[in-house]
Amino acid sequence: GNITLVPRFTKMQLFGMKALVNPTVEDMEIYLQNGQMAAWPYADAMKHTLRLEKTIDSALRRLNDRYQPTTTNNKFPPIKIQTQ
């Protein structure tokens, strides 16, 4: 699953006015701080999601390692692991 984080924006940021000008160092610090504040409440959920994803990948890898077709007409092809 995906976790989408959306930081809080000011009205000017929301309507894209700040995006039309070069952001200052202060603007960038505010953007980083807002992003961090949006992420921290979800850190635990992200940790568990990543752990589950790694567990599933590991299980699929073990199944593929264990599976060795004995004939070319086998009904069950190897499971393909998608990597990002």
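**Figure 1. Threonine 49 in helix α3 of the predicted model.** Threonine 49 has its place in helix α3 of a model that is predicted. Threonine 49 counts as partly exposed because its relative accessibility is 28%, a value that falls between the limits of 20% for buried and 50% for exposed. Isoleucine 3 is 46 residues away from threonine 49 along the chain, and the C-alpha atoms of the two residues are separated by 8.9 Å.

**Figure 2. A nonpolar patch on the surface that includes Ile3 and Tyr42.** The patch is formed by Ile3, Leu5, Tyr42 and Met46. Together these four residues have about 310 Å² of accessible area. Tyrosine 42 belongs to the loop that lies between α2 and α3, the latter being residues 43-66. With a relative accessible area of 42%, tyrosine 42 is partly exposed.

Figure 3. Helix α2 is made of 15 residues, numbered 25-39. From its first C-alpha to its last, α2 reaches 21 Å, close to the 21 Å expected at 1.5 Å a residue. The buried residues in α2 include Asp27, Asn34 and Ala38. These three lie on the same side of α2 because they cover an arc of only 35° around the axis. An α-helix has 3.6 residues a turn, so residues three or four places apart point the same way. On the other side of α2, the exposed residues are Val25, Glu26, Glu29 and Leu32.

Figure 4. The protein contains three helices and zero strands. Starting from the N terminus, its elements run α-α-α. Of the 84 residues of the protein, 5% count as buried, and Asp27, Asn34 and Ala38 in α2 are buried.

**Figure 5. Confidence of the prediction along the protein.** The average pLDDT of the protein is 76, and 67% of the residues score at least 70. Confidence is lowest in helix α1, residues 11-14, where the mean is 65. Helix α3 has the highest confidence, at 89; threonine 49, the residue of the opening view, is in this helix.

Notes
Residues numbered from 1 in each chain as written. Predicted model: local features only at pLDDT ≥ 70, side-chain atom pairs only at ≥ 80, totals over all residues. Heavy atoms only, no water. Helix = DSSP H or I, 4+ residues; strand = E, 2+ residues; numbered from the N terminus. Expected span 1.5 Å × (residues − 1). Buried < 20%, exposed > 50% of the residue type's maximum accessible area, 1.4 Å probe, protein only. Arc of directions from axis to C-beta. Patch = residues over 30% accessible without salt bridge, like charges linked within 9 Å, V, L, I, M, F, W, Y side chains within 5 Å. Areas by Shrake-Rupley, 256 points an atom, 1.4 Å probe, with all protein chains shown as cover. Salt bridge = Lys/Arg side-chain N within 4 Å of Asp/Glu carboxyl O. pLDDT = per-residue confidence, 0-100.
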